[in-house]
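Dear colleague,

Please find the structure below, handed over for your use. The notes that follow it set out what was found, with the criteria applied.

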Amino acid sequence: QYAHSVYLKACLNLDCYEALVDSRLRAQGRTPGEGQIAFQEFRHASAGVLEKLTHDGKVHVIDTAPPPGVVWESITKLFAPQVIFVLGGPGTGKGTQCARIK
């Protein structure tokens, strides 16, 4: 049981077509076809979670077929700096709540 609940801001779904995943995994020493099996198992195991998070508007699909630098640019665009204004009169808990914002 968790002591604190969390707010899920986003889920990055790093996605790529099966043939490229298999090719990359073979380059890492996996046997032919092993990558496709692992990829299919991942898709099956994560389907329910992705469906729920997609329904909640939390999923950002990132195509990982391009070179790593291009993929990184796509990811960093999702995390632009944010500004949060916290307003409230004296004693309303601004300092307490601001200390908790990370």
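In these notes, a residue is called buried when its relative accessible area is under 20%, exposed when that area is over 50%, and partly exposed in between (1.4 Å probe, protein chains only). By that criterion aspartate 22, at 7% relative accessibility, is buried.

The model is a predicted one, in which local features need pLDDT of at least 70 and side-chain atom pairs count only at pLDDT 80 or more, while totals for chains, interfaces and linings use all residues. Residues are numbered from 1 along each chain as its sequence is written, and side-chain values use heavy atoms, with hydrogens and water left out.

Salt bridges

A salt bridge is taken here as a side-chain nitrogen of Lys or Arg within 4 Å of a carboxyl oxygen of Asp or Glu. The count on this basis is 3 salt bridges.

One of them joins the side chains of aspartate 15 and arginine 43, with an N to O distance of 2.5 Å. Aspartate 15 belongs to strand β1 (residues 11-15) and arginine 43 to helix α2 (residues 34-55), so this pair ties together parts that lie 28 residues apart in sequence. Helices (H or I, at least four residues) and strands (E, at least two) are DSSP runs, numbered from the N terminus. Both partners are partly exposed: aspartate 15 has a relative accessible area of 24%, and arginine 43 one of 39%.

The buried aspartate 22 forms a salt bridge with arginine 26, their closest N and O atoms being 3.2 Å apart. The two residues are 4 apart within helix α1 (residues 18-27), which means that about one helical turn separates them. Arginine 26 is partly exposed, at 39% relative accessibility.

In the salt bridge between aspartate 56 and lysine 52, the closest N and O atoms are 2.6 Å apart. Aspartate 56 is partly exposed, with a relative accessible area of 34%, and lysine 52 is likewise partly exposed, at 49%.

Cysteines

A disulfide is a covalent bond between the sulfur atoms of two cysteines. The criterion used is a pair of cysteine sulfur atoms within 2.5 Å, and the resulting count is 0 disulfides. For cysteine 11, which is in no disulfide, the nearest cysteine sulfur belongs to cysteine 16 and is 17 Å away. Cysteine 11 is buried, with a relative accessible area of 18%, whereas cysteine 98 is partly exposed, at 38%.

Yours sincerely
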